[in-house]
Amino acid sequence: MSSTSPRYRQIEDYLLERIRSSEFPVHHQIPPEEQLARDFGVSRMTANKAIRDLVQKGYLVRQAGLGTFVTDRKAESSLLEVFNIAAEVRSRDHEYSNDVIRCEEVQADDEVALRLGVRLGARVFHTVLVHREDGVPIQLEDRFVNPRWAPDYLRTDFSKQTPNEVLVASCPISDVEHVVEAVLVDAEVTHLLDIDTTTPCLSMTRRTWSDDHLISYARLIHPGNRYKLRSSMRSGPAMPDPLPGQRS
């Protein structure tokens with residue numbers, strides 16, 4: 001550890017080194033703040049910042065009354081917000097990459113027309129990407145986009161920008177709808193995700209709006225043993241359930 005780096009960063013590096021070497025395996029309880037502060041000759045506030053930063057990055061999790069433990073570091077997405085998957089992967093200090101499987105203009109079939117709010121047979125943009133974390137597939141993204149609102153979508157170099165980045169830049173997201181279910185997938189998807197045919201997956205159907213415009217409909221498939229979904233909610237006034245076809 002460099003003596004010139006901030007003291008809290010030295011504690012982070014110490015903990016990360018032991019997590020990555022498996023000296024501190026998944027579910028291992030790390031030393032308490034008081035001990036880290038004493039061992040590194042710093043204030044408890046400094047030790048707390050190091051732990052807090054690693055919690056935010058997903059390496060650690062706090063359990064009230066018990067302590068702080070090493071997490072399993074599965075890729076994670078929020079159900080209440082839409083994040084760029086490349087940024088999520090890099091926030092975990094991992095390498096992001098993708099494979100572009102399809103990038104084409106197609107005619108909307110019954111399902112796409114219904115989900116995207118266009119006429120049957122209307123032209124829509126279609127992309128299929130496999131997103132990877134440290135080379136391991138973590139998500140298959142099958143997306144349809146209304147070309148009226150993102151006319152340059154198919155001209156994107158998706159090795160440099162994800163579909164999310166492109167759409168957010170041209171059509172800032174105002175509303176999002178998520179539907180999640182557990183599924184078993186077909187042979188083509190298992191091949192793309194490099195999983196066994198018996199591996200359970202999480203399928204998340206996502207629709208996004210910008211103002212009153214329905215921009216995108218996507219099906220995101222994640223291997224269940226490599227991914228987790230997170231949701232949190234603040235208490236507040238109860239909201240009525242949306243009617244069929246309405247945004248939630």
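In which strand does V124 lie? In this predicted model, V124 lies in strand 5, which spans residues 123-133.

Six strands make up an open sheet, arranged in the order 4-5-6-9-8-7 with antiparallel pairing. Strand 4 (96-107) and strand 7 (175-183) form the edges, each of them pairing on one side only. From one strand to the next, the twist averages 15°. Within this order, strand 6 (residues 136-145) and strand 9 (residues 213-223) are joined in the antiparallel sense over six bridges. V145 has S216, in strand 9, as its bridge partner.

Helix 6, formed by residues 163-170, lies across strand 5, strand 6 and strand 9. Relative to strand 6, helix 6 runs at about 40°.

When neighbours within four places in sequence are left aside, V124 is in contact with E104, E105, V106, A108, V112, L116, V118, F144, V145 and P147. One of these contacts, V145, is also the residue whose bridge partner in strand 9 is S216.

Notes
Residues numbered from 1 in each chain as written. Predicted model: local features only at pLDDT ≥ 70, side-chain atom pairs only at ≥ 80, totals over all residues. Heavy atoms only, no water. Pairing = 2+ DSSP bridges. Helix = DSSP H or I, 4+ residues; strand = E, 2+ residues; numbered from the N terminus. Axes fitted to C-alpha atoms, helices over the stretch in contact; angles between N-to-C directions. Contact = heavy atoms within 4.5 Å.
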